[in-house]
Amino acid sequence: MWLFIHRPFEIWPVLAAIRLERTYMLVVIACWLISGPSLPRRNRLHWCFLGFILVLVVSWLASPYPGAGRAQVEDYLKYAVFYVLMVTSVRDRRGLQIILAGHLLVMTLLMVHTLREYFCGNVWYAQGIIRMKSLGSTFSDYNDFAGLVVCALPFAWVLWHEWTTRWARLALVTYFAISAYCVVLTASRMGACGFVAAGAMAVAASSRRWLLLALCPFVLVAAWSILPEDHKERYLTLIDPSAGPNSAGASAGHWRFNGFEHGIGLWQERPLLGFGPQSTGTAIGTGMMPHNLYGQLLGELGTAGALAFGLMVLAVAGNLREARRIVRQMPDTSDLLAWRTVLAASAAYVLLLFMGWGFNFLLWHVWLWFGGFQVCALRCLKAQHNAAPNVECSPEGIPLPNTGTAWA
């Protein structure tokens, strides 16, 4: 995760010369094979991911512009390899907690390093304002970086419930603050909307939701008051197209809807498999991506891709429903790490689908990796349930006597 997200071999050229990421991955695969891995445990997401990958490859092979998506297809297959390694290696609660903590650490390193570069002058100047850019090539775009930061927040929420010491909580508060600061410095409008949506989900899941809800207006007013004036104007374009500097005055919603319309037009020309991955810019002749996940999905992968992607989302919802049923039948709900991870992965998917109206992350690693987090967590939850003593249940599957609402 660190090598892919932080990408040190792109930051320090000496590491690129030794092909650090390929060498490491080959060593990991060799160790995995020597350890005698078992086949992945049965889960609906395995088949859905496999179906989506097959559609992706077939669409690429049939594309009139295969060169446009070659690198993205190769990268997606690498994400799939990591997915297999993860779901066959994370076998218990400790392994699940380690991979979540590792992901949090990787995101912290990326954000802190990016902040350092920002204050050293490594920035973008776009739409009339200075905007933060991430390190490496994968998330160097300010919108992509903001989206990556936002969709990782639910997993920090999981660790908030696990790490209850004063220093651990302080570290997590610092992580949330750095995340908010990075999103603001990118001046990404959809990223800001996603951050607000993530906060709303966290408030809704809290037992102190009414207190937090009462504090929200004060937090928003305080945050707005310290924003730079040019950033304020940019965010105002979400509701007022005449606001904002230079080209930022164009309505964000109008631009994103144009991307969706382009995708519909391409889908009408090639409805089954689309024009192939990452081909939208070439197909419409502008060289620019649509800034809309749904337009990108229809235009590049067609009806087959849309069905495969929809089944993938439904599988995540199915895993959530299954996990909820298991937790409601558990007599002891003091250990909810696995359940909260399933819930967080589902929340991350919701955030991705929400921000998808303004971002092009159809072929991002997060769909596979966060799905892998959910698969591992569901397996741990099943093991936890099987190890629990038998309890008499009601016809609806609820243990007797009443266990309350601790699962929520």
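How many salt bridges does the structure hold? The structure holds six. A salt bridge here is a side-chain nitrogen of Lys or Arg within 4 Å of a carboxyl oxygen of Asp or Glu.

## Model and conventions

This is a predicted model: local features need pLDDT of at least 70, side-chain atom pairs count only at pLDDT 80 or more, and totals for chains, interfaces and linings use all residues. Residues are numbered from 1 along each chain as its sequence is written, and side-chain values use heavy atoms, with hydrogens and water left out.

## Arg93 and its partners

Glu162 pairs with Arg93 in a salt bridge, with 2.5 Å between the closest N and O atoms. Glu162 sits in helix H9 (residues 153-162) and Arg93 in helix H7 (residues 93-119), so the bridge ties together parts 69 residues apart in sequence. Helices (H or I, at least four residues) are DSSP runs, numbered from the N terminus.

Arg93 also forms a salt bridge with Asp335, the closest N and O atoms being 2.8 Å apart. This pair links distant parts of the chain, 242 residues apart: Asp335 is in the loop between helix H16 (293-328) and helix H17 (337-355), Arg93 in helix H7.

Burial means under 20% relative accessible area; exposed is over 50%, partly exposed in between (1.4 Å probe, protein chains only). Glu162 counts as buried at 19%. Arg93 is partly exposed at 32%. Asp335 is partly exposed at 23%.

## Glu117 and Arg116

The Glu117 and Arg116 side chains meet in a salt bridge of 2.9 Å, N to O. Glu117 is buried, at 18% relative accessible area. Arg116 is exposed, at 51%.

## A network

Salt bridges also link Arg44, Glu322 and Lys382 in a network.

Key:
Helix = DSSP H or I, 4+ residues; strand = E, 2+ residues; numbered from the N terminus.
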